[in-house]
Amino acid sequence: MCDDDFYTKAINTALDAFHFTLPMSVRLTRIGERVPTTLIEQGGAFCDFRGDISLDGTPEVVEYVILIHEDIRSVNEPIEFETGIRYRIQDFFDSIEVEFTKESLFLFSLLHELGHAVVYEKFRRGGTEDKYPILIKPVLSSEDINSKWIDKNGIKYYQYLNIIEAQSDIFALTNFNKIWKILIR
C-alpha cells in the first residue's frame with residue numbers, strides 16, 4: 001500500500017476522527033524536501049503547541065501544529081530507531097497482524113502526536129495546563145541511565161518514565177486499528 005496519497009488521506013482521516021477545542025494542523029515533510037531540525041531532533045514527528053505565555057507564566061496555547069515526516073525511519077539514526085521507536089510498536093503491530101511499514105509507522109506516529117494534544121486538552125479542562133511543560137520533560141534525563149537501559153534492555157526508558165509520552169502512546173495504540181482499517185479498505 002504505497003499510494004502517494006496515503007499520507008494526505010491518513011492525516012485527513014485522523015483529523016476528521018478526533019475533535020479538538022483549538023485549531024489543529026499537520027505539516028507533512030515529504031522525502032526529498034528539506035527536513036526541519038525539529039523533526040530530526042524529535043525523531044520524525046512533533047506536536048507543537050503554538051501560543052504565548054501569560055504574565056503569570058501560564059501557557060496560552062492557541063493552536064496545535066504537528067510536524068511529521070512521511071518516512072519516520074529515514075530521519076532517525078539506526079540505534080535511535082530501534083531503541084526509541086521500533087521496540088514500542090513492533091509487538092503491537094504483530095498482535096494485530098499489521099506489517100511494520102513506512103505507512104503503518106507514519107500512522108502510529110501521527111496518532112501519537114495527536115495524543116499529545118488530547119492529553120494537553122485534559123490538562124486544560126482541569127485547569128492545570130501550566131503543569132504540562134513540567135511533566136513532558138524526561139523525569140530522569142541522564143544519558144548514563146539511558147545508555148544502561150539501551151545496553152541492558154535494548155530500549156530507551158523515556159516512554160516508561162514520562163507519563164505524557166506514555167499517554168500519547170496509549171492514544172495511538174487505542175486508535176490505530178480503527179483508522180488503519182479505514183485507510184486500507
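Reader: Which residues form one aromatic cluster?
Author: The model is predicted: local features need pLDDT of at least 70, side-chain atom pairs count only at pLDDT 80 or more, and totals for chains, interfaces and linings use all residues. Rings of Phe, Tyr and Trp (its six-membered ring) pair if their centres lie within 6.5 Å; planes under 30 degrees apart count as stacked, over 60 as edge-to-face and the rest as tilted. One aromatic cluster is formed by F6, Y7, F81, F92, F93, F100, F106, F108, F176 and W180.

Reader: What is the geometry of the aromatic pair of F93 and F100?
Author: The structure holds 18 aromatic pairs. In the pair of F93 and F100, the ring centres lie 5.6 Å apart and the planes make 65°, an arrangement that is edge-to-face.

Reader: Is F100 buried or exposed?
Author: Buried means under 20% relative accessible area, exposed over 50%, and partly exposed in between (1.4 Å probe, protein chains only). F93 is at 0% and therefore buried. With a relative accessibility of 17%, F100 also counts as buried.

Reader: What pattern does the chain follow along the sequence?
Author: Helices (H or I, at least four residues) and strands (E, at least two) are DSSP runs, numbered from the N terminus. The chain has 8 helices and 3 strands. Read along the sequence, the pattern is α-β-α-β-β-α-α-α-α-α-α.

Reader: Which strands stand at the edges of the sheet?
Author: Two strands pair if DSSP finds at least two bridges between them. The open sheet of 3 strands has mixed pairing and the order β1-β3-β2. Each edge strand has a single partner strand, so one side is left without a neighbour in the sheet; these strands are β1 (24–29) and β2 (45–53).

Reader: Which residue in β3 is the bridge partner of V26?
Author: Strands β1 and β3 (residues 59–69) run parallel and are joined by 6 bridges. Within β3, V26 has as its bridge partner I66.

Reader: What angle does the direction of α4 make with that of β3?
Author: Axes are lines fitted to C-alpha atoms, for helices over the stretch in contact, and angles run from 0 to 180 degrees between N-to-C directions; contact means heavy atoms within 4.5 Å. Helix α4 (residues 102–125) packs on the sheet and touches β1, β2 and β3. Its direction and that of β3 make an angle of about 175°.

Reader: What is the relative accessible area of E97?
Author: E97 lies in the loop between α3 (78–95) and α4. Although not a glycine, E97 has a positive phi of about 60°. E97 is exposed, with a relative accessible area of 75%.

Reader: With which side chain does the side chain of D48 make a polar contact?
Author: A polar contact is a pair of N or O atoms within 3.5 Å; within protein, one must be able to donate a hydrogen and the other to accept it, and residues adjacent in sequence count only if both atoms are side-chain atoms. D48 is placed in strand β2. Not counting residues up to four places away in sequence, D48 touches E63, Y64 and V65. The polar contact, at 2.5 Å, joins the side chain of D48 to that of R50.

Conventions:
Residues are numbered from 1 along each chain as its sequence is written. Side-chain values use heavy atoms; hydrogens and water are left out.
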